Amino acid sequence: MLAIDPDASNDGSCACTGSVGGTCCKEQPQEQQEQEIVKNEIESLKIIYSSLTGTAKTFGEELKRQLLAAEKNITIKELELVDITEYDNDDLLTETSVCVFLLSTYNVEGPLDWFTKWLRDIRYDWRVDRLALQKLRYAVCGLGDSAYGDEFNVASQQIDKWLGQLGATRIYPLGSCDKNADQKAQFDEWARQFINELHDKQSLEFSPAKIEYGSDGEEEDEEDTEESSNNKEIDVDGSGDEMLDVEDMGKMAGKLKAAKANRAREEQEFETAQAKAKRSIGTDEGVVKKANQPRAMVSPMLHKNLTKQGYKIVGTHSGVKICRWTKSALRGRGFCYKHSFYGIQSHLCMETTPSLACANKCVFCWRHHTNPVGTKWRWQVDDPKFILDGAMENHYKMIKQLKGVPGVKADRFQEAFTIRHCALSLVGEPIFYPHINEFVKLLHEHNISSFLVTNAQFPDKIAEMELVTQLYVSIDAGTREGLKKIDRPLFRDFWERFLDSLEALADKGQRTVYRLTLVKDHNTEELDNYVELVRRGRPSFIEVKGVTYCGYSGASNLTMANVPYHHEVVDFCQKLCDKLGNGYELAAEHAHSCSILIAKSDFKINGEWHTHIDYNKFFELIKSGEPFTDMDYVAKTPDWAVYGAEAGGFDPEETRFYRKNRKAEAAAEAAKTAATVAAEKAAAIASA
Ligand SMILES: Cc1cc2nc3c(=O)[nH]c(=O)nc-3n(C[C@H](O)[C@H](O)[C@H](O)COP(=O)(O)O)c2cc1C
Ligand code: SF4
């Protein structure tokens, strides 16, 4: 946890150029500074290459030279360059060296065939332990030619996947070098970043990356892709169902143990962070000093609960989590709807909140009966810089753990270490945090855009709010009764607060959005109420999303019949626009998650939609200090994202991925996004 160390002197004389999350080295905790200067020692590293015409061998020699040149930071006691045809495959089962594979692909007989066949055999032989290669730490870089289309670099992809499936720890994502492009430059970049990664001692730890991300109920990063789960050799009973054999039970027990150990470590870190946050109170970090210091918002019990759900807690009242779209983007499998609507790339996005507490007990958020509530802030207040540093550090840590997940693209993995967007929309009410304005300013100083979502219970706070890139209001219902049932607000005058918030939004003169969830046969009939609410707040955009169903029963009487088809969402949006008159139109869509973007017609410039954002322009405008409007930082919506385009809002550069053996998977894909939240929201709407 990157905490402000009150003991660190900061006299401005530091000449450091390196930084963590934009933080001067002097502001880093002592142990972190020490960690960075410790030289990493590696007992043994093998560069294993497979080459027919010599390229992979030359690259191997180059890598060896670069590793030797990096001796200031890494000591490798034994460094070998090995031709794969000379490597004894069985040695891999007991291999303790770090192995870097540089492998060229041939669709004809080649030097890699023997190794590939051997690895494939042990991968699919049910008698072989699924953790047979657990002692191995490895990285693969493929050499091929994109002119071979679907066969481009397939050998390296398969080997990278099978090694992982056999329990080996991937210490850096798969590289892919193309003879059809600048293959050498691509390799140099991969090698440079791989060596950088080796500087970090932790990079060589055996990491159970997948466990961390299975615990939050979201999509688990499965290794059994279409191809492997198709394989009858492992589908012993032919049912397609996953079988848990003795080895798998052992593996599962190991996973649970590792997850538990991780959580224990995090709890320990939390206590230390809390102690540090306490110490920082009253320092010049801008924390409110009080004689009788109020208590922390996140109690140890709440911390435990939230950690189990995959949150990382920062300080005493903030949280950060990796969303499933960030993972999906890292693997080139598509971005969230905000990519189609506003040009956000999900692997550059951090989802966080500076306040886990809120003034509502929304049914879709309150299911764990844990989140703190209040109409007034009555907890300790952490410093905004402390929160941002902590959120970024935790976000990067979570990204780092994903490097071992199959399919993670090396370029995206690297890009993900520069956060460009912040979704202030996790749980809680970000606007509740007393220093929200300073927090948002800090984001902009880091060139991070701000997408802030509020539940519309604090109209004064909305009025006082600094400019953000996009300001959202959740419109959970169209009537007083509906809102009461769904949001279960603490304020008696919740409806008046809600309406006043919408009016405050209208006065902002900035880029604003209503977020609306649609449930068939329930709020689809409430058109007139929504028209009234839109007229009141005059948002720049209205995001309409069909409710999704994940089979969650709860107190819900929601069935699949309540889940609208994409064309029904379109129909609703069309009717809403018709009723609103000429001012609004359907602008963009993301059919993948049943979402439509309605925009004010002003955003259609010379017949072309401009719902995207020119982020650099936004930062320029913010830094200029001059007043500006929502029209000053628009960018053109790409053709594939415009409503009605054939691609349905799915970026053609991405690979659409459907998991196997789950027929409902494609239909339920979107359900994983809003899953329980939306189902419970729907239940409440239904009973409203
Ligand atoms: C006969 C032949 C078949 C090839 N087949 C593939 C292929 O299926 N997929 C691919 O990505 N590249 C293919 N390539 C391209 C090579 O993998 C690429 O040129 C690579 O850089 C060669 O590395 P090397 O010099 O280490 O052998 C092929 C090249 C040749 C000459
Ligand atoms: S905007 Fe939301 S869903 Fe999209 S990547 Fe960011 S956190 Fe994930």
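Predicted model: local features only at pLDDT ≥ 70, side-chain atom pairs only at ≥ 80, totals over all residues.
Student: Where are H18 and H19, and at what angle do they pack?

Tutor: Helices (H or I, at least four residues) and strands (E, at least two) are DSSP runs numbered from the N terminus. H18 covers residues 527–537 and H19 residues 566–580. Their axes lie 10 Å apart, at an angle of about 55° (lines fitted to C-alpha atoms over the stretch in contact; angles run from 0 to 180 degrees between N-to-C directions). H18 and H19 are therefore oblique to each other (under 35 degrees is roughly parallel, over 145 roughly antiparallel, 65 to 115 roughly perpendicular, the rest oblique).

Student: Which residues of H18 and H19 make the contact?

Tutor: Leu-527, Tyr-530, Val-531 and Val-534 of H18 meet Lys-575, Leu-576, Lys-579 and Leu-580 of H19 (contact: C-beta atoms, placed from the backbone, within 7 Å). By class, this contact has 6 nonpolar, no polar and 2 charged residues (nonpolar: Ala, Val, Leu, Ile, Met, Phe, Trp, Tyr, Cys, Pro; charged: Asp, Glu, Lys, Arg; polar: the others, Gly among them).

Student: How do the axes of H17 and H18 cross?

Tutor: H17 spans residues 494–508, and its axis comes within 7 Å of that of H18, crossing at roughly 45°. That angle makes H17 oblique to H18. On the H17 side the contact uses Leu-499, Leu-502, Glu-503, Leu-505 and Ala-506; on the H18 side, Leu-533, Arg-536 and Gly-537. The classes are 5 nonpolar, 1 polar and 2 charged.

Student: Is the crossing of H3 and H4 left-handed or right-handed?

Tutor: H3 and H4 cross in a left-handed sense. H3 (residues 113–124) packs on H4 (residues 154–165) at about 35°, with 10 Å between the axes. Thr-116, Leu-119, Arg-120 and Arg-123 of H3 face Ala-155, Ile-159, Trp-162 and Gln-165 of H4.

Student: Is Thr-611 buried or exposed?

Tutor: Thr-611 is buried, because it has 25 C-beta neighbours inside 10 Å (buried means 20 or more, exposed 12 or fewer, partly exposed in between). Thr-611 sits in the loop between strand S18 (608–609) and strand S19 (612–613). Beyond four places in sequence, its contacts include Phe-341, Tyr-342, Ala-587 and Thr-637. Val-405 is also buried, with 20 other C-beta atoms within 10 Å. Val-405 belongs to the loop between helix H12 (384–401) and helix H13 (410–415). Its C-alpha atom is 7.8 Å from that of Arg-170, although the two are 235 residues apart along the chain.

Student: How many residues surround ligand 1?

Tutor: The shell of ligand 1 holds 19 residues, the closest being Ser-51, Thr-55, Ser-104, Asn-107 and Gly-144 (a shell residue has its C-beta atom, placed from the backbone, within 6 Å). The shell has 7 nonpolar, 9 polar and 3 charged residues.

Student: Which residues surround ligand 2?

Tutor: Among them are Cys-323, Trp-325, Cys-336, Lys-338, Cys-349 and Glu-351. Helix H10 (324–330) and strand S9 (349–353) each supply at least two shell residues. Here the classes are 6 nonpolar, 2 polar and 2 charged.

Note on methods:
Residues numbered from 1 in each chain as written. Chains lettered and ligands numbered in written order. Left-handed = near helix turned anticlockwise from the far one by under 90°. Contact = placed C-beta atoms within 7 Å.
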